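Let's take a walk through this fold, starting with the strands and ending in the core. Keep the viewer open as you read.

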Amino acid sequence: MDGLVEDAVIVVSELVANSVEYARCASIRVIVGRPTANVVRLGVVDRSKVLPVLRTEFTGDPLRGRGLLIVDRLTARWGTELYPWGKQVWGELWVEGL
């Protein structure tokens, strides 16, 4: 799984940045799980119920707004789980060769 470390760091940092920027909550939770032998799931939980939007067209600041696009490119899949009190945005990296 050493080959996943760089992508995992980028995915978590983008998800955390999005949560800090858009949820504006006092705290967030980072979750790392392994639902199956060949899947690592990285999630960020916050109290906002606002769903993230994957943008593909950009105007304005060239350094902002591309976090989910990066997550989309680096992960095998990503999504959002809504809770009564907030949400979790997650991305999955797949371990090759297991």
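Which residue in E4 is the bridge partner of Arg41? That would be Glu92. Before going on, a word on the source: this is a predicted model, where local features need pLDDT of at least 70, side-chain atom pairs count only at pLDDT 80 or more, and totals for chains, interfaces and linings use all residues. Residues are numbered from 1 along each chain as its sequence is written, and side-chain values use heavy atoms, with hydrogens and water left out.

**Strands around E4**

Helices (H or I, at least four residues) and strands (E, at least two) are DSSP runs, numbered from the N terminus. Two strands pair if DSSP finds at least two bridges between them. Here is how E4 (residues 86-94) pairs up:

| Strand pair | Bridges | Direction |
|---|---|---|
| E2 (residues 39-46) and E4 | eight | antiparallel |
| E3 and E4 | seven | antiparallel |

E3 and E4 make a hairpin with two residues between them, and Thr80 stands opposite Val89 in E4. Eight of the nine residues of E4 are buried, so the strand is largely enclosed by the rest of the structure. Buried here means under 20% relative accessible area, exposed means over 50%, and partly exposed is in between (1.4 Å probe, protein chains only).

**Rings**

Arg41 turns up again: its charged end sits over the ring of Trp90, 3.7 Å from the centre. For that label, NZ of Lys or CZ of Arg has to be within 6 Å of the ring centre and within 35 degrees of the ring normal.

There is one aromatic pair in the structure. The ring centres of Tyr83 and Trp85 are 4.9 Å apart and the planes are at 25 degrees, so the pair is stacked. Rings of Phe, Tyr and Trp (its six-membered ring) pair if their centres lie within 6.5 Å; planes under 30 degrees apart count as stacked, over 60 as edge-to-face and the rest as tilted. Tyr83 counts as partly exposed because its relative accessibility is 23%, and Trp85 also counts as partly exposed, at 42%.

In H2 (residues 67-74), Gly67, Leu68, Leu69 and Val71 are buried. The buried residues of H2 pack against helix H1 (5-23) and strand E3 (77-83), with contact meaning heavy atoms within 4.5 Å.

Val71 also belongs to the largest nonpolar core, which has 13 residues. Such a core is a set of buried Ala, Val, Leu, Ile, Met, Phe, Trp, Tyr and Cys residues joined through side-chain atoms within 4.5 Å. H1 gives the most to this core, with four residues.
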